[in-house]
Amino acid sequence: MNKNELVDKLLDYFVNEDKRLLKYERPTDYSEKRSFLRGIINMRPPLGIDEKILKMEDRLLQLELEDKFVTDVKDISCVEDSIALWLGDITTLKIGAIVNAANEYLLGCFIPNHSCIDNAIHTCAGIRLRLYCNEIMQGKTEKTGKAEITSAFNLPSDYVIHTVGPIVYGKLTDKQKKELAECYISCLNLAKKNDIRTIAFPSISTGVFHFPKDEASKIAINTVRDYLKKEPKAFDKIVFNVFTKEDMNYYEDILKN
Ligand code: AR6
């Protein structure tokens with residue numbers, strides 16, 4: 001089946017699964033159909049599902065991956081010992097582990113087609129990721145600063161490490177700064193424990209969770225540098241993954257010093 005046929009079959013399945021979706025007019029244009037499907041999957045709770053459907057989604061995601069430019073961590077050069085800076089979409093990175101800036105439920109983002117990293121990672125990994133996260137979480141919530149590891153399913157990385165950053169309302173507190181540093185440490189500890197030698201961090205908490213970007217990039221870099229001082233051989237490469245030129249400038253300024 002080609003991508004168009006796969007999207008049609010998957011839409012048939014989900015509209016039949018949740019009849020409330022029948023009230024929406026189904027688009028005919030391929031890219032509109034594809035984003036309609038993405039939104040439906042984003043909103044879908046982690047319910048049991050036919051393995052045949054999961055395989056169809058795997059196929060679609062693998063075909064989409066073939067169309068993307070995937071960056072191998074080997075091709076990213078370090079700016080200092082074991083530390084690299086890279087601008088791009090984390091879902092296109094071939095690396096040991098990518099870090100997800102998740103929320104306390106650790107089930108991915110349920111807002112259809114939302115632009116957060118959690119939504120991007122779950123969308124490209126596929127439904128299997130939410131189902132697996134649900135098995136780990138069993139309805140519980142994750143504490144801020146802690147992390148969990150999963151397979152990356154249809155992503156080009158080997159693993160995803162999900163961490164929950166602090167939410168900043170109003171003035172930034174010392175507690176929130178400590179919690180953000182703890183996110184980086186928890187992810188590095190978990191990666192080390194799983195013999196993962198390369199890892200990419202996004203700017204945790206600096207989007208929906210409103211952590212100020214200048215302070216967040218300082219904490220990210222200082223925490224990783226301190227970790228590497230204590231564990232110089234633990235990683236081959238730790239990549240700071242930025243998504244905008246503005247974020248790139250913050251990281252570049254700090255890494256120069
Ligand atoms: N690749 C790399 N970085 C990205 C990507 C991407 N594809 N997409 C966004 N970013 P945010 P948070 C950057 O808001 O602040 C979710 O709804 C983005 O530019 O994704 O930790 C969760 O479910 C920013 O620098 O995460 C939580 O509810 C960084 O990723 C909540 O958001 C983090 O932005 C977590 O909020």
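**Note on the ligand site and its surroundings**

1. A backbone N or O atom of Ser205 lies 2.8 Å from an oxygen atom of the ligand. A polar contact here is a pair of N or O atoms within 3.5 Å; within protein, one must be able to donate a hydrogen and the other to accept it, and residues adjacent in sequence count only if both atoms are side-chain atoms. Taken alone the ligand exposes 700 Å², and the protein buries 92% of that. Accessible areas come from the Shrake-Rupley method with a 1.4 Å probe, and for residues only the protein chains shown count as cover.

2. On provenance: this is a predicted model, in which local features need pLDDT of at least 70 and side-chain atom pairs count only at pLDDT 80 or more, while totals for chains, interfaces and linings use all residues. Residues are numbered from 1 along each chain as its sequence is written, and side-chain values use heavy atoms, with hydrogens and water left out.

3. A polar side-chain atom of Asp89 lies 2.9 Å from a ligand nitrogen atom, and a backbone N or O atom of Ile90 lies 3.0 Å from a ligand nitrogen atom.

4. Helices (H or I, at least four residues) and strands (E, at least two) are DSSP runs, numbered from the N terminus.

5. Helix H4 (residues 117–125) is mostly covered, with seven of its nine residues buried. Buried means under 20% relative accessible area, exposed over 50%, and partly exposed in between (1.4 Å probe, protein chains only). The buried residues of H4 are Asp118, Asn119, Ile121, His122, Thr123, Cys124 and Ala125. Their cover includes helix H2 (30–43), helix H3 (51–66), strand S5 (97–102), helix H5 (127–137) and strand S7 (159–164), where contact means heavy atoms within 4.5 Å. Gly126 follows H4 and has a positive phi, near 105 degrees.

6. Ser205 lies in the loop between strand S8 (198–201) and helix H7 (213–230). Its phi is near 75 degrees, a positive value in a residue other than glycine. Ser205 is buried, at a relative accessible area of 5%. His210 lies in the loop between S8 and H7 and also has a positive phi in a residue other than glycine, near 60 degrees. His210, however, is exposed, with a relative accessible area of 56%.

7. Thr206 has its place in the loop between S8 and H7 and counts as buried, at 13% relative accessibility. The Thr206 side chain reaches the backbone oxygen of Ser203 at 2.8 Å. Not counting residues up to four places away in sequence, Thr206 touches Phe211, Lys213 and Ala216.

8. Trp86 is found in strand S3 (residues 83–87) and counts as buried, at 12% relative accessibility. Not counting residues up to four places away in sequence, Trp86 touches Thr71, Ile76, Thr92, Leu93, Val239, Phe240, Asn241 and Val242. The C-alpha atoms of Trp86 and Phe243 are separated by 8.5 Å, although the two residues are 157 residues apart along the chain.
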